[in-house]
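Please read this briefing with the sequence and the 3D structure open beside it. The points are grouped by topic.

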Amino acid sequence: MSWAAHDLEPYVVQKHLGKKVAFVPLLVGSYAPDLLSKWFVYGVTLVGVELKADNPAQFHRGWPGAGFTHSLTFGVLVGLLLYLVWRNKVVAYSFVIGQWAHALTDTGDTVGSMLFFPFTDHLFAVGAWAYAGQTGRYVDAGAYFSGLGFVWDGIFVVWAILSWRVLTRGYFRTTVMAADPFWRWAGRYVSETTLVALYRASFFYGVARWTAWLIWAHVVRSFTFDLRWGGPRWVPRIYADDLNAAGGAAPACRCPGCCSMTPRLGFYGAVAVCAFAKGRTSSVRDLLRTAPRRRRRRRRLTLKRR
Amino acid sequence: MRGERAVESFILAAVRPDGSPSSLREALAGGWRELALYLAAGAVYVAIGVSTPEFLFPWALAVGYLLVCVVALPFLVRRVRARTTRSGRG
């Protein structure tokens with residue numbers, strides 16, 4: 001699970017897709033998988049009765065449980081439902097993008113997500129940081145902000161800050177409002193300042209929370225940093241294999257995802273694909289293209305000087 | 001006429017087609033007060049969150065807090081200021 005990435009992903013997507021996406025469905029999609037399940041993972045006490053899942057990881061990510069909300073199919077189905085209700089393609093696929101971003105991000109921990117449910121209930125996990133939802137909110141926070149999880153969220157914090165243009169009032173007025181019917185509707189009732197504050201709220205929440213948890217975990221409490229793969233090792237972790245085996249599958253999974261590559265190699269592959277995609281769409285590729293020209297110019301200039 | 005065109009071209013150069021300012025410097029020149037307000041709200045939120053981590057969990061609470069800090073409080077301050085200036089004149 002991620003503590004800040006789900007808040008910040010919509011802004012990064014918004015920066016890259018502009019008027020092609022509607023922000024509110026994108027944000028709702030990004031929160032959707034955890035909306036109805038997270039409270040039951042950590043547990044709540046209502047009128048003296050504690051409501052908590054017996055097996056939080058199984059309930060959160062597995063089947064039987066609410067793990068289907070972390071599948072790609074769930075996003076498509078809700079997207080189709082939204083399309084049937086609103087007859088708006090942008091709203092529908094914006095939700096799908098948000099939900100897919102969440103499901104893919106959650107494969108980063110040791111439990112992962114059932115990406116291809118209902119075709120398979122196999123949990124796809126990269127295993128970069130420990131899943132410790134069963135230990136309760138505070139230990140989970142301490143563990144997350146001591147392992148590679150906080151680094152992953154940190155990447156999104158930096159990426160979202162670099163996308164600062166999407167937070168400006170002019171961008172909101174010209175691009176966000178134009179693409180998303182929600183803001184036009186809400187604009188009839190509240191001032192633009194309120195709308196902009198609402199639009200920026202998740203960014204504020206993500207960045208401030210990331211900072212606060214990091215300070216809390218290492219200044220107020222003394223959780224130990226452990227940036228090893230799958231860490232921190234001091235917290236009791238749950239692995240995808242535990243749940244895959246519990247679900248009736250063979251202990252050593254034979255699915256193509258597990259047989260063809262190690263999760264770490266898969267993660268590096270995914271990063272390489274993202275970098276390549278980024279290079280295709282914007283400045284990295286341009287930089288690579290223009291770099292040899294610059295070198296040639298420099299050579300010419302030095303030759304002329306000589 | 002020339003002056004108008006110059007102003008128009010200046011505005012077009014300062015704003016990108018997506019509505020955002022062309023550079024960070026221009027964005028800050030127009031909205032540094034707003035940014036300062038958000039940063040102050042963020043700093044207080046972090047301070048409260050570190051001392052009372054329960055405050056960091058609900059998203060709705062963060063949204064409410066932000067609205068109070070950057071919409072309601074500035075509105076109240078403006079109102080109070082307007083009243084005091086009016087009463088000062090009167």
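H2(A) is mostly covered, with 10 of its 13 residues buried.

**Helix H2 of chain A**

- The buried residues of H2(A) are Phe23(A), Val24(A), Pro25(A), Leu26(A), Leu27(A), Val28(A), Gly29(A), Ser30(A), Ala32(A) and Pro33(A).
- These buried residues pack against six helices of chain A: H1 (5-17), H5 (72-86), H6 (89-105), H9 (169-179), H10 (181-186) and H11 (192-220).
- H2(A) covers residues 23-35, and the distance from its first C-alpha to its last is 17 Å, close to the 18 Å expected at 1.5 Å a residue.
- At Gly29(A) the helix bends by about 30°, and Pro33(A) follows within four residues.
- Both Gly29(A) and Pro33(A) are among the buried residues of H2(A).

**Helix H1 of chain A**

- H1(A) is also mostly covered, as 10 of its 13 residues are buried.
- Its buried residues are Ala5(A), His6(A), Asp7(A), Leu8(A), Glu9(A), Pro10(A), Tyr11(A), Val13(A), Gln14(A) and Lys15(A).
- In chain A, the buried residues of H1(A) pack against H2, H6, H8 (148-162) and H11.
- From first C-alpha to last, H1(A) reaches 18 Å, close to the 18 Å expected at 1.5 Å a residue for its 13 residues.
- Gly18(A) follows H1(A) and has a positive phi, near 55°.

**The two chains**

- Chain A contains 15 helices and 2 strands.
- Of the 306 residues in chain A, 47% are buried.
- Among contacts in chain A with a separation of 6 or more, 68% are between residues 24 or more positions apart.
- Chain B has 3 helices and 0 strands, and its pattern along the sequence reads α-α-α.
- In chain B, buried residues make up 16% of the 90 residues.

**Where chain B touches chain A**

- The contact involves 25 residues from chain A and 22 residues from chain B.
- On the chain B side, the elements that give two or more residues are H2 (24-51) and H3 (59-89) of chain B.
- H2(B) gives the most to this side, with 8 residues.
- Sorted by class, the chain B side has 16 nonpolar, 5 polar and 1 charged residues.

**Cis peptide bonds in chain A**

- The peptide bond from Trp63(A) to Pro64(A) is cis, and its omega is near 5°.
- Pro64(A) sits in the loop between H4 (56-61) and H5 of chain A.
- Gly231(A) and Pro232(A) are also joined by a cis peptide bond, with omega about 0°.
- Pro232(A) belongs to the loop between H11 and H12 (240-246) of chain A.

- Val47(A) is not a glycine, yet its phi is positive, near 50°.
- The place of Val47(A) is the loop between strands E1 (44-46) and E2 (49-51) of chain A.
- Is Val47(A) buried or exposed? Val47(A) counts as exposed because it has 4 C-beta neighbours inside 10 Å, and the cut-off for exposed is 12 or fewer.
- Arg87(A), which is not a glycine either, has a positive phi of about 55°.
- Arg87(A) is found between H5 and H6 of chain A, in the loop that links them.
- Arg87(A) is exposed because 9 other C-beta atoms lie within 10 Å, under the same cut-off of 12 or fewer.

**Confidence**

- The mean pLDDT of chain A is 87, and 86% of the residues score at least 70.
- Within chain A, confidence is highest in H11(A), at 97.
- H11 is one of the helices against which the buried residues of H2(A) pack, and the buried residues of H1(A) pack against H11 as well.
- Confidence in chain A is lowest in H13 (residues 256-260), where the mean is 56.
- Where pLDDT is low, the predicted coordinates should not be read in detail.

Definitions and conventions:
Residues numbered from 1 in each chain as written. Chains lettered and ligands numbered in written order. Predicted model: local features only at pLDDT ≥ 70, side-chain atom pairs only at ≥ 80, totals over all residues. Expected span 1.5 Å × (residues − 1). Bend = angle between axes of the 7 residues up to and from the residue. Buried ≥ 20, exposed ≤ 12 C-beta atoms within 10 Å, placed from the backbone. Contact = placed C-beta atoms within 7 Å. Nonpolar A, V, L, I, M, F, W, Y, C, P; charged D, E, K, R; others polar. pLDDT = per-residue confidence, 0-100.
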